[in-house]
Amino acid sequence: MKRKNLRDYVEDIYTCNRTRCGFCREQCPVYHIKGYETYSCRGKMLVGRGLIENTLSPSMEMAQILDQCLLCGLCQARCALNTLDIITSMRQQMVLDGFSTPIHRGNVERILKEGYLLDARADTVREGQVPLYVGCVYRSKPRELATALSVLERLDIHPLIGDETCCGYIVEATGFGKEFEAVQEQFKKTYQQFNAPEILTLCPTCTATLKEKYGLPVKHAIVAVAEQLRRRQGGVKSLGFRATYHDPCHLGRMVGIFEEPREILRQLDIQLVEMENNRYFSTCCGGGGGIHAVDPDLSIEIAKNRVRDAIRVGVETIVTVCPTCEPTLLRAAARLAGEVGIFVDVQSLWDLLDKALE
Amino acid sequence: MNTGQVDKAFAELREILGDRATTSPVHRMAYTRDWSPRYRGMNDLPDIVVIPNDTQEMIRITRVAYRYEIPLVPFAGGTGMGGGAVAWKGGILVETKGLNRILEIDRENMTVTVQSGITIEVLNHELTRHKLWLPHQPESKRACTIGASIGCDNDSTFGIRYGKIRDCLLNAVIVTGRAEAIRVGQRKASFSSTGYKLLDLLVASEGTLGTITEATLRVVPLPETRQIRGYLCRSLNDTAKGLERLLGSGLAIESAHANCRNRLHFYTHSYREKYGREPKLPAWAEAILFLSFAGDRDIVDFTVDKAAQIMVDEFKAEPVGEQELVEGWWDSKHRLDFVPFKQKWPDSQRHKKFGAADLGLPVGRLEEGYHRYLEIAEKWDQEILGMTIYNESPNKATASISFAVFVDDSNEDRVRQFYQYVREMSEMAIALDGTMSTYIGDGDRLGGFNQLEHGLGLKYMRRIKGIFDPKNIMNPGKKFQSRWIEYHQEMT
């Protein structure tokens, strides 16, 4: 499929400009903190117009503003336009015009050279029956990966893990469209399970990327866990506490998995209290779109707002199921505890399953 | 704009606001439009954008603008349809949404005091926790702020029960063009007969007198329940007469909108989403009256039944059988709760832009207005979208009318044709003893031309502006000048 560029989205951008509803704006986690319309999707669509009509020139400042987008998709859920593709195409335009952020370029070069974004430190060899794609983040987290695999194995899901390379999400998301094509080729050459009827995934972002960009028949492993628990009808310990569930953007909004994690929590006898923004309209943890790499302070402020959402509904634990959301929220929770004197713990659903299946 | 003056002003604004003042072309670009029809390549770029956080900062910003005689343009939701919030003449654009705090919720006195940049939806979200709500609710409430509602005097879904923003407004703080902050109004009382009603002057002032920074509003208890209904009527006049009769019978109606049959299709997005087709209407149905009723459950049940009886027996109306169609109207007007990724507004404006003449007509001239609308839209080659009659005054049938068209905004000539349509519709309104605008305001469309409506009164309005804004820095051009409609010189 031909890669689209900014010019392919002219009519979409004009549609936003002539609509101006602003439904995307108020809840945008970045706009909420930064204050200028430019950080909202609606504002970016006017910047896009400026680029198209040559009233604005690409610049490093523009690239930096575009980099401060989470690509969380909340704007898209409030819209009828494919806002994420449009913003990504604007980022691509910046890269094409020579305004790329060095840290993003470094990541891209590393993925192209080494196949991974992060050091692969975990033992990933498994010779089971069910193909499982691990992804860069879990490969860099031995304990978290071991826990997830152990949970799966205790539920009679035996992963088959072979050679793989980075799915390339971050390459495309940060505007390196041409390089993403090379990463895709690399992935296709390396990944051994390309023809499998079903592939389990652990990382929400990889799940969305494998599905959307490679057309692979993916199933997030937590869905498989929910299915197994349904079949078993019990056999898990009651954990018995109150918690809220944070929907990772890619698992929820992008892939549509909202209920299985909640179903599992209920099976673990966890009293689920919903935050006001949940499911399709959940707000980002602050770790999306490569923002942590370019503006860690902004990332943490966004994450703190998400933790505040949990405090507002009176829970002491956030449960989530994403290797980016978990550490991002936990860092923010620790910082926020110092400011407001309330600590909200952040737990991985895999860890809870690990305890419940002991 | 004198760049030397702008540079000096910016240096001072940075001292005051730090990063909340910018001349970045990227940020300025994001403020080049509101929701008014504009052609491709038309961008009103401010010179500076500032984000004040409180009244004191707004005073300091205004002092800078006053000293250097630079325009100051308040910008809020950016959903206005009249060009009121764009920096037509450059200058300092004030992003008012930094003024977004709730200062007090006074449960005992049923008031809320807010900074003006809070959106109506966010405010109501907070009020809901106290089982209260602000019934001034325009369709744009997700983006629209309290300050914008005062400044534009926009419409409200619940106007027939609660009126518009003025009916909720108790007092407000405005930083005038003299860089002085004054609180005008009647504190927390509902009325005052002392002095002149300066609070009234703020309503629909469109930032031409000053920047509104705070407001105190009367709020009401959240109703226990709500029901919505639609009635197919045999004429537009029947909708007004039927409504008058319902109110005369003693029924309490919360919202009442009448649509011509064309316009219905704009409000049935969720119906289309669910059934994949346009709703079918009987051939005799010339109009639809949508109503909402709210309050205690038993009272609402009785009201719904009684209203149906009156509409059917006395006006030969027919209740809309497919409730999805009615729900579609309510989704558009109030809930704004569209299916994720399938929101109605961009879906409906992919090829042409929504535009409207927003006229006020006497309630007996609806049919006449409608037929003239069809003629005038055809004359100026505008695609007819339809007519909606909003009832915006408590407990009486009124006619704040959106005569809507789809505007081809691909080139300047087509957009100018739309404004010719607005001009002729406005002339029609005056000829029918009505008004040119009921919820959009003058903006950059009707200024000067509105002399047709106000006569010598316009000269007094200009004098009033001079008192608040002697250097004409507050949103210059708006209300007294049109960039679209030619008009004769003001009377002297």
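Reader: Why is α1(A) called mostly covered?

Author: Eight of the 10 residues of α1(A) are buried. A residue is called buried if 20 or more other C-beta atoms lie within 10 Å of its own, exposed if 12 or fewer, and partly exposed in between, with C-beta atoms placed from the backbone. The buried residues of α1(A) are D12(A), I13(A), Y14(A), T15(A), C16(A), N17(A), R18(A) and T19(A). Before we go on: this is a predicted model, in which local features need pLDDT of at least 70 and side-chain atom pairs count only at pLDDT 80 or more, while totals for chains, interfaces and linings use all residues. Residues are numbered from 1 along each chain as its sequence is written, and chains are lettered from A and ligands numbered from 1 in the order in which they are written.

Reader: What makes α1(A) a helix, and what do its buried residues pack against?

Author: Helices are DSSP runs of H or I with at least four residues, strands are runs of E with at least two, and both are numbered from the N terminus. The buried residues of α1(A) pack against α3 and α6 of chain A, and also against α14 (344-348) and β16 (353-360) of chain B. Just after this helix, R20(A) takes a positive phi of about 60 degrees.

Reader: How do you know which residues of the two chains are in contact?

Author: Two residues are in contact if their C-beta atoms, placed from the backbone, lie within 7 Å. By that rule, 32 residues of chain A meet 38 residues of chain B. On the chain A side, α1 (10-19), α3 (41-52), α4 (60-67) and α5 (74-77) each supply at least two residues. The largest share, five residues, comes from α1(A). As for the predictor's own scores, the complex has an ipTM of 0.96 and a pTM of 0.96.

Reader: Which residues of α4(A) are buried, and what lies against them?

Author: M62(A), A63(A), I65(A), L66(A) and D67(A) are buried in α4(A). They pack against α3, α6 and α16 (291-294) of chain A, together with α2 (25-29) of chain B.

Reader: Why does V95(A) count as buried?

Author: V95(A) has 21 C-beta neighbours inside 10 Å, so it counts as buried. This residue sits in helix α6 (residues 83-96) of chain A. Not counting residues up to four places away in sequence, V95(A) touches S100(A), G175(A) and F176(A). P58(A) is 37 residues from V95(A) in sequence and 9.6 Å away in space, C-alpha to C-alpha.

Reader: What makes β13 and β17 of chain B a pair?

Author: Two strands pair if DSSP finds at least two bridges between them. Strand β13 (residues 255-260) and strand β17 (residues 383-390) of chain B have three bridges, in the antiparallel sense. N259(B) stands opposite T388(B) in β17(B). β17(B) also pairs with strand β18 (residues 400-407) of chain B, antiparallel over seven bridges. There E383(B) stands opposite F406(B).

Reader: How do you know where the domains of chain A lie?

Author: Domain bounds come from an automatic or database domain assignment. That assignment divides chain A into domain 1 (6-100), domain 2 (126-223) and domain 3 (236-356). The C-alpha centres of domain 1 and domain 2 of chain A lie 29 Å apart. Their contact takes seven residues from domain 1 of chain A and six residues from domain 2 of chain A.
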